[in-house]
Amino acid sequence: MGIVLKQSFRNTIITFIGFAFGAVNTLFLYTNILRPSYYGLVTFILATGAILMPLFAFGAHNTLVKFYSAQDEGTKNSFLTLVVLSPLLILIPAAGLTWVFYDSIAAFLSRKNGIVVDYVWYFFLVGFAMAYFEVFYAWSKVHLKSVFGNFMKEVFGRVCISILLVLLYLQMISLPLFLKGIVAVYLLRTAIMKVYAYRLRRLKLDFDFPKSYKVILQYGMLMVLGGSVALILIEIDKFMINQYIAIDYVAYYGVAVYIATVISVPNRAMNQITYPMTAEYLNQDNHFELEHLYKKTALTSFIASGLLFILIITNIEALYLMIPEAYRNGFVIVFMIGMAKVFDAFLGNINAILYYSRFYRTVLVFGIFLALFTILLNLWLIPLFGIEGAALASFSSIFIFNLIKMIFVKLKFGIVPYTNSTFKVFVLLVLLGVLFGQITFHFHPILNIVLKTILIVVPYFGLLYRFQVSEDLSDLIKKLLKF
């Protein structure tokens, strides 16, 4: 766990920095510089690009992580060539179809909000950039070099968008140029990631593909479904809100979801390094290390994400006082999406175990049904309850899908993510949430947040350290205390 803890700690710091810039953008710059309709448009463009990403990537990033460690030196170049070129099997036809049916696609996407009509190619380009970024990011992760890629993913884009927003506020760029700039940022990020990946191992084109290329491509095609399922569960709500109510509500919903998404930072950071390790343990049939990694990642992620959930829920009123009033009615959304993110964290590296094992086909079948269920729930609940209905649909789908995955791993691998320490952490989180949820300070909102955060964090980590709930956490606290 040394390399996991070391890189996970660095990734967590980087991801928090990225989320800090994202928070400034989401809560203050976007909300005060753009009208809600244009903020909703930006959110819709990025959400649609994210939905297209797994389709455009053709599962290449997952394929790279799963099969790279099984290649010998003689087949690595041909394997990497196959991985890099395989997304073109989707991208080229998709570009042609977009060109031919542009008017029909634009009419469908803008039937409720006409503002969307001129931005179809923006969706395509953002999806393309996100897809190849993930391929080159996976390239670095299989070499156990995840920190730079995490910086590019979490920090670089948000800093660039902060700069664009400031330039727009100073009237140094126009609104159309700002929207083009967002697309350019995603394309530039991908180009930089490609250069870094090739510095780790330069691509030497070799079209004598591995003998198992059919298996590799088949896995990639199935991962299109797997990635699409994951993104549908996360992003489809923003897409479907645009189809039923004013696009302004996409912006309101996006702010609340962003606040809740902070909870997933530790889990996301840890996954950057644990995913390739999980694939390697599965390829080696190392059941002992696999179970050890599963429990460790689950406990560490739950400790960190559970704390963030309590901090957000107990400070949400003070936080909302600092943003425009139109964006403040999102407590229910933050709570439901936050609970879903905590459950994600509680399961540690379970997605890697499932997607890189021989059972990935079965899991994909479950996922497809859950994705359809999510869409149907949104079709039903958004017209009834608006953006709160979208949150309820997302929470229900994610909860059910995660429960199915946990039961499936228990049945097939005989392992579970929880230990006695997990229940100790849960009890402590509930006690702190109940206690500080009742306490209100009447100071400035920032002072309220700082004070309540200190009062929660200090006893939380103090009690975890006192009772040695997590060996990794205790070691980290010891090192910090010595420092």
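Trainee: In this predicted model, which side chain meets that of E134 in a salt bridge?

Mentor: The model is a predicted one, and E134 lies in helix 7 (residues 120–141). Its partner is in helix 8 (residues 147–169), 19 residues apart from E134, so the pair links distant parts of the chain. The N to O distance is 3.0 Å, and the side chain that E134 meets is that of K153.

Trainee: Is E134 buried or exposed, and how does K153 count?

Mentor: Buried means under 20% relative accessible area. E134 has 12% relative accessibility and therefore counts as buried. K153 has a relative accessible area of 26%, so K153 is partly exposed.

Trainee: How many salt bridges does the structure hold?

Mentor: One of them joins E134 and K153. E154 forms a salt bridge with R158, where the closest N and O atoms are 3.0 Å apart. For the structure, the number of salt bridges is two.

Trainee: By about how much of helix 8 are E154 and R158 separated?

Mentor: An α-helix has 3.6 residues a turn, so residues three or four places apart point the same way. E154 and R158 are both buried. Because they are four residues apart in helix 8, their separation is about one helical turn.

Trainee: How many residues of helix 3 are buried?

Mentor: Helix 3 spans residues 60–67. Its buried residues are A60, H61, N62, T63, L64, V65, K66 and F67. Helix 3 is largely enclosed by the rest of the structure, because the buried residues number eight of the eight.

Trainee: Which residues does Q71 touch, not counting those up to four places away in sequence?

Mentor: Q71 lies in the loop between helix 3 and helix 4 (76–85), and at 13% relative accessibility Q71 counts as buried. The C-alpha atoms of Q71 and P210 are separated by 9.0 Å, although the two residues are 139 residues apart along the chain. With residues up to four places away left out, Q71 touches K76, F79 and P210.

Trainee: With which residues is S470 in contact, leaving aside its neighbours within four places in sequence?

Mentor: S470 is placed in the loop between helix 19 (445–466) and helix 20 (471–482). Its relative accessibility is 5%, so S470 counts as buried. Leaving aside neighbours within four places in sequence, the contacts of S470 are L299 and I303.

Trainee: What is the radius of gyration of the chain?

Mentor: The chain has 20 helices and zero strands. The globule rule gives 23 Å for 483 residues, and the chain is close to that value, so it is as compact as a globular protein of that length. Along the principal axes, its C-alpha atoms fill a box of roughly 70 × 55 × 45 Å. The radius of gyration is 22 Å.

Trainee: What share of the contacts with a separation of 6 or more comes from residues 24 or more positions apart?

Mentor: Of the 483 residues of the chain, 57% count as buried. Among contacts with a separation of 6 or more, the share from residues 24 or more positions apart is 83%.

Trainee: How far apart do the centres of the positive and negative side chains lie?

Mentor: The accessible surface of the chain comes to about 21,300 Å², and 68% of it belongs to carbon and sulfur atoms. As for charge, the chain has 37 positive and 22 negative side chains. The distance between the centres of the two sets is 3 Å.

Terms used: Residues numbered from 1 in each chain as written. Predicted model: local features only at pLDDT ≥ 70, side-chain atom pairs only at ≥ 80, totals over all residues. Heavy atoms only, no water. Salt bridge = Lys/Arg side-chain N within 4 Å of Asp/Glu carboxyl O. Helix = DSSP H or I, 4+ residues; strand = E, 2+ residues; numbered from the N terminus. Buried < 20%, exposed > 50% of the residue type's maximum accessible area, 1.4 Å probe, protein only. Contact = heavy atoms within 4.5 Å. Rg over C-alpha atoms; globule rule 2.2 N^0.38 Å. Areas by Shrake-Rupley, 256 points an atom, 1.4 Å probe, with all protein chains shown as cover. Lys, Arg positive; Asp, Glu negative; His and termini not counted. Charge placed at Lys NZ, Arg CZ, Asp CG, Glu CD.
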